[in-house]
Amino acid sequence: MNVTIWVDADSCPKLVRTYLIDYSKKLNLKINFVANKNIPVENPHDLFSMIITNSESQAADNYIINNVFQFDIVITRDIPLADKLVDKQITVINDRGTLWTKENIKERKSERDFNLQLSMLGLGGDKSNSYSKKEFAMFANCFDKEIHRLIKESSLKK
């Protein structure tokens, strides 16, 4: 069993994209970026794929859901996508180092839905899109821990 890294690429910060490509090359792991448009990347390698889906709503999410396997890892900011993947028992983290679990994804989805309702009423909150070195460090630590756990678990299943 091989581990594949899946990236919901349309909202993934460039720093994370570059890190993941380099990391996958170092560990000789397949990495798939999925989006409905081409996402620029630096230093792609033989195990890198840019999968461009059609522009229908949820096309990239559905592609990931339909092609991910048990020991794969998915990086996404998309809470509904993460929720569906966690239900399939797939390892999912966001670009800020949160490992999504059955326990924390439901609460975060509820918060997201509440904030969406506020926004629709014109009462939207802070839309800060900053991405700090601290957030990247938290992501890198979480990713490193989870990818090595998956590699170990997948090798035991061979």
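**View 1. R77 is partly exposed.** Its relative accessible area is 31%; the partly exposed class runs between buried (under 20%) and exposed (over 50%), using a 1.4 Å probe and protein chains only. This is a predicted model: local features need pLDDT of at least 70, side-chain atom pairs count only at pLDDT 80 or more, and totals for chains, interfaces and linings use all residues. Residues are numbered from 1 along each chain as its sequence is written, and side-chain values use heavy atoms, leaving out hydrogens and water.

**View 2. R77 meets D95 in a salt bridge.** The term means a side-chain nitrogen of Lys or Arg within 4 Å of a carboxyl oxygen of Asp or Glu. Here the N to O distance is 2.6 Å. The two partners come from distant parts of the chain, 18 residues apart. R77 sits in the loop between β4 (73–75) and α3 (79–87). D95 sits in the loop between β5 (91–93) and β6 (99–100). Helices (H or I, at least four residues) and strands (E, at least two) are DSSP runs, numbered from the N terminus. D95 is buried, at 2% relative accessible area, while R77 is partly exposed.

**View 3. R96 pairs with D95 and with E135.** The side chains of D95 and R96 form a salt bridge, 2.8 Å from N to O. In the salt bridge of R96 and E135, the closest N and O atoms are 3.3 Å apart. E135 belongs to helix α5 (residues 133–156), and R96 to the loop between β5 and β6, so this pair ties together parts 39 residues apart in sequence. Through shared partners, salt bridges join R77, D95, R96 and E135 into one network. A search of the whole structure finds seven salt bridges.

**View 4. N43 has a positive phi.** The angle is near 60°, in a residue other than glycine. Look for N43 in the loop between β2 (30–35) and β3 (48–52). Is N43 buried or exposed? N43 counts as exposed, with 52% relative accessibility.

**View 5. Q89 also has a positive phi.** Its value is near 65°, and Q89 is a residue other than glycine. Where is Q89? Q89 lies in the loop between α3 and β5. Q89 is exposed, at 62% relative accessible area.
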